[in-house]
There are 2 protein chains.
Amino acid sequence: MDAVQRAGNGHPGTAMSLAPVAYLLFQKMLRQDPADPDWAGRDRFVLSCGHSSLTLYIQLYLAGYGLELDDLKALRKWGSKTPGHPEHGHTAGVEMTTGPLGQGLSSAVGMAMAARRERGLFDPDAAPGTSPFDHHVYVLASDGDIEEGVTSEASAIAGVQELGNLVVIYDQNHISIEDDTAIALGEDTAQRYESYGWHVQTIDWTNGGEGEYTEDVAGLHAAIEAAKAETSKPSIIVLRTIIAYPAPNLQNTGKSHGSALGDSEVKATKELLGFDPEADFAVADDVIAHTRGLRERAKADHAAWQQEFDAWRAGAGERAELFDRIRTRTLPAGWEQALPVFEAGTSIASRKASGEVLNALASTLPELWGGSADLAESNLTSMKGEPSFLPESRTTKTWEGNLYGRTLHFGIREHAMGAILNGIALHGGTRPYGGTFLVFSDYMRPAVRLAAIMKLPVTYVWTHDSIGLGEDGPTHQPIEHLAALRAIPGLDVVRPGDANETAWAWRTILGHTDRPAGLALSRQNLPTFDRSQDGWGDASGVAKGAYTLVESSAATPQVILIGTGSEVQIAVAAREKLEAEGVPTRVVSMPCREWFFEQDQAYRDTVLLPQVKARVSVEAALAFGWEGIVGDAGRSVSIEHFGASADYQDLYREFGLTDTAVVTAAKESLAGLQ
Amino acid sequence: MDAVQRAGNGHPGTAMSLAPVAYLLFQKMLRQDPADPDWAGRDRFVLSCGHSSLTLYIQLYLAGYGLELDDLKALRKWGSKTPGHPEHGHTAGVEMTTGPLGQGLSSAVGMAMAARRERGLFDPDAAPGTSPFDHHVYVLASDGDIEEGVTSEASAIAGVQELGNLVVIYDQNHISIEDDTAIALGEDTAQRYESYGWHVQTIDWTNGGEGEYTEDVAGLHAAIEAAKAETSKPSIIVLRTIIAYPAPNLQNTGKSHGSALGDSEVKATKELLGFDPEADFAVADDVIAHTRGLRERAKADHAAWQQEFDAWRAGAGERAELFDRIRTRTLPAGWEQALPVFEAGTSIASRKASGEVLNALASTLPELWGGSADLAESNLTSMKGEPSFLPESRTTKTWEGNLYGRTLHFGIREHAMGAILNGIALHGGTRPYGGTFLVFSDYMRPAVRLAAIMKLPVTYVWTHDSIGLGEDGPTHQPIEHLAALRAIPGLDVVRPGDANETAWAWRTILGHTDRPAGLALSRQNLPTFDRSQDGWGDASGVAKGAYTLVESSAATPQVILIGTGSEVQIAVAAREKLEAEGVPTRVVSMPCREWFFEQDQAYRDTVLLPQVKARVSVEAALAFGWEGIVGDAGRSVSIEHFGASADYQDLYREFGLTDTAVVTAAKESLAGLQ
């Protein structure tokens, strides 16, 4: 209350009523070590209701994770360790950046899945519950998390996956910003989670709304133990609470959700609890001494685990090396030798080349795993012969289920896929990927943004990346998505121009461990360029984001054509026409502008020669965002409206995405300079 | 089958197995008139599984909506009336563009809500079921629709709203593109919908998977009647089918979902059904004569309704005028007089100005209604004194429920909000709006895109539109969202610079009926400019997208500063400094670039003088997309990374969004020209 009061704004209510719950978790339940927040054996705790960041900060303070009273006093202030919402990588002990509702619970499903996959990689034969890799994922979720559709998707997946290591406590306080949730939340949430196949318990601290409010912590403790005892189902405990309890006037109000309580209410609450109403941020020495005692208890837990772990390591052989390698996200020496090289002169869709890359890497990089939101055959995201990550009982004619399997099936749930990929990357060192059509990146955008904020090395396999997908029409044809995704800070958007660029795209992406990347891949076949010809650049140029694919016939070109993905071939064809007409023309392939802008100015100037102002970009998408690259004198051959349903060749012709159009634009650009 | 075969690709399976269901609906259940697809009294039918477009096209053909066999033969071809997914406004009888899964069912919830609101506007006192405005909304949904989270959100809302006029038939065929859905779909869907408070029936044509498959159309008919009889709950009929039935080999396979069956399978199926295996697109004359008989039956239905309607009109008085006005989306004469004018020299957040606009328009424009995804007090989207659109039993201390109410409560479900707004706009002529934080436009993006594709006049009230929201930190601060939304073709993104611009923004938006618009509004207070000063432009310039807010001291400025929203004041402050230093400087306010680019070149050249190359944009967001406006010599004062949690004034200072930075950028831009 004091912290929110000092900040002037924030969310005090939930932090108050959930204090006993969080205290129970941190002081009694979680396997953790405040001295080693990255301990591989720790349980994970996700505060899905990130707006109640104090709930977490106070426990991190009490447990001794490094936060002190001064940090709590600096809540929501510039440079503090206690920002408005918990930020992973910023504050020790924060497992995930939360705040956008639904993301925490959904990513926790991914964490629980990763725990099983990692166990399968490192210690598959241990009896249940006996491996140092066995632990739990706990979540505190709010009414808002329950309302967001992404948790519906992720919870359905958790049920299918029988995630016995996942325990969700749903703080059902029936209050959100618009006050009583009756206006929008009428479902029987317990029944809904039963329908997903979860283990469901309900606890009502309000005693049916009648009589006295009872913070029955012992009952909650027993419920959590029961949840842990159920190892073949995820568990949810629906905990009915009163927000801002015990504030005498503002408990059970929307105002207490998202606003400071005010001096008088804070004082009244302190009086009610027997504290000095005039003392701010007062924590008795014996209290903090007691709670910090956790560090000693944790040390003992950690030591016991270390013994188990050392015993495992002694017998683990190559798996121990794998563990060390994956934990640090180090790629094995020479891994890139496994990458395929595609023969020039053939024709292959970049999605297909991507599928071949994944298959080629399967045995070399066991940390690489993923799947699709029900488009496996379209996204080509499966590795042949690898079982699906599924309980065996879910084996179908097409897919073999294995608890430790590698192929992920998200169903038609792109948003949960995004959130689950985040959870997998947060949990450990594996490298998850997930596929859908590029147009449906919109469905998963909130999770992609969080991956970028958290700098998670998640890879999106977005295929069918333009009107080139043809007949499915405007609802399925991305027009604005490349621009919209390039706009996300910290996300690499990679659109390779042929099969060998696709291999180099994967190679470069996997070399990064500090950011997500999205591959934009074609449905239609693309020619594999013959780079042995004079003046052609090597596909390794992909790693620099853009490079000269075909040099002009003159030392200095008159025009530079810049293409990406399936339109690089159009630039190449246009170059031939321009050269035939006596216009020395360079073709630049620019698969990833983020990588290009990371290069020094000197390199960039060798690709986009500053003195050559006649430039044309060609991309089957908006020109939006290209103006800065082609400049005032440049032109963009683009598509500025939604697509249509037809054969893709018809669409390219009708929408003017042709070599002829590029030639015309180049001439206009040249003419404008005169 | 023939159509998909000829197209070479498509989704034949569902169209085959759902044929009897669609036939039942179109030939026996729907109140419709193929001769008047926009008849106000019609039932609505939404094919949520848009990939099965043939299901709809075949019925439109049989019923006589204007499609003929040649149209079916042109399935998925350039220029045809039968694109890959149904397109509203393109093919008569298509109520909604579908294809992105989940959207159809979710928007149908909006249609059902709109039906109730419109009845409340036009005929509130009629006994249930007796009004010409009473009708039903039918949906065909697939496994994919059920998996997408947006339908979970919308279905929960439908339960809260007790939408007895909504009937969903869920085609549970257990097959999606990755074949058997057991790999991803394990829930008890019937139980889940019970938890939302729906009326649930299940029908199993597979007879438990044992014995013969029975297309028990009579049973389905009875279930639909039972669904209609339940008027206080939305209904779902879980219909277990076998996809691609009766194809002898490919029924019940993922292949039949999304690929042509192949010649031999098509022939075998025809043989099985007793048709000539060699005849393509063969429809017996008596069959089509029978089905087209619907037109006569429809004429009678329509005439009967017209009598009811005429009787209503005769007694409706002003409500009849309102009906005519709203149905054509005509604004009342002089409506703009109701708009507030804000006093210069005061200070008010643009979100607050927007709230005042809505309140000022409340009595003048009853067609205007909307709400928020649990941020009413933040988005300021409620009209004072107007009841909530809710069953009375859901009245809370804060909100009064009324079945015909005006304020919408979506809960924390931005995606369903977007889809529901689409459904409302599709259903009739009311003008819906919905609010959330700008950053959470990501959650609703797929629905926003569909609004743009369908050209629906939906308005988004996106507040807290920059780091100016302060302490909530990077998860809540939009950086890339203005760019990402501007990228959507057909969406107007409007970011007014003060209170009077906000009023003009609403005025201009409401004048458009053919497109969605998003308002980006500040959390923080903004000065209301004193436009009576010499050289200042009128706020009416907003309607042109950009205008000269403050003229330079010289006839031709040396520098043009371009600001939007809360950064216009920074441009104004920078201009004063530059002028003081002897640099004649113009300030352009550019609230909506879409409106600006609609103006003719002559107007645009009067605002952005072509000869003035020294330009600086200032916007608390990415520079991405500004390059084309400021040009090669220009600069952008922007923010290129995620934000932080702190007081907003600290953030503007620390991130360099200041008048000083604009002055420096202007000097750099000028220097670069020399």
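This is a predicted model: local features need pLDDT of at least 70, side-chain atom pairs count only at pLDDT 80 or more; totals for chains, interfaces and linings use all residues.
**Two chains, strand by strand**

Let me begin with B:Leu380, which is placed in the loop between α17 (376-379) and β10 (388-389) of chain B; helices (H or I, at least four residues) and strands (E, at least two) are DSSP runs, numbered from the N terminus. Residues are numbered from 1 along each chain as its sequence is written, chains are lettered from A and ligands numbered from 1 in the order in which they are written, and side-chain values use heavy atoms, with hydrogens and water left out.

B:Leu380 is not a glycine, and yet its phi is positive, at about 55°. B:His464, however, is buried, its relative accessible area being 6%.

Now to the strands. In chain B, 5 strands form an open sheet with parallel pairing, in the order β1-β2-β3-β7-β6; two strands pair if DSSP finds at least two bridges between them. At the edges stand β1 (44-47) and β6 (199-204) of chain B, each of which pairs on one side only. From one strand to the next, the twist averages 15°. Within this sheet, β2 (residues 137-142) and β3 (residues 166-172) of chain B are joined in the parallel sense by 6 bridges, and the bridge partner of B:Ala141 in β3(B) is B:Tyr170. Helix α3 (residues 19-29) of chain B packs on the sheet, touching β1, β2, β3 and β7 (235-240) of chain B, and its direction makes about 175° with that of β2(B); axes are lines fitted to C-alpha atoms, for helices over the stretch in contact, and angles run from 0 to 180 degrees between N-to-C directions.

Please look next at strand β21 (residues 615-618) of chain B, where B:Arg615 and B:Ser617 point one way, B:Val616 and B:Val618 point the other way, and all are buried. In a regular strand the side chains alternate between the two faces of the sheet. Strand β19 (residues 559-563) of chain B pairs with β21(B) in the parallel sense over 4 bridges, and B:Leu561 has B:Val616 as its bridge partner. Strand β22 (residues 635-637) of chain B also runs parallel to β21(B), joined to it by 3 bridges, and here B:Ser617 is partnered by B:Ser636.

B:Pro246 lies in the loop between β7 and α11 (255-258) of chain B.

Finally, how do the two chains relate? Chain A can be laid on chain B with an RMSD of 0.0 Å by a turn of 180° and a shift of 0.0 Å along the axis, the superposition being by least squares on the C-alpha atoms of residues with pLDDT of at least 70 in both. The two copies are therefore related as by a two-fold rotation axis.

How values were computed: Buried means under 20% relative accessible area, exposed over 50%, partly exposed in between (1.4 Å probe, protein chains only). Contact means heavy atoms within 4.5 Å.
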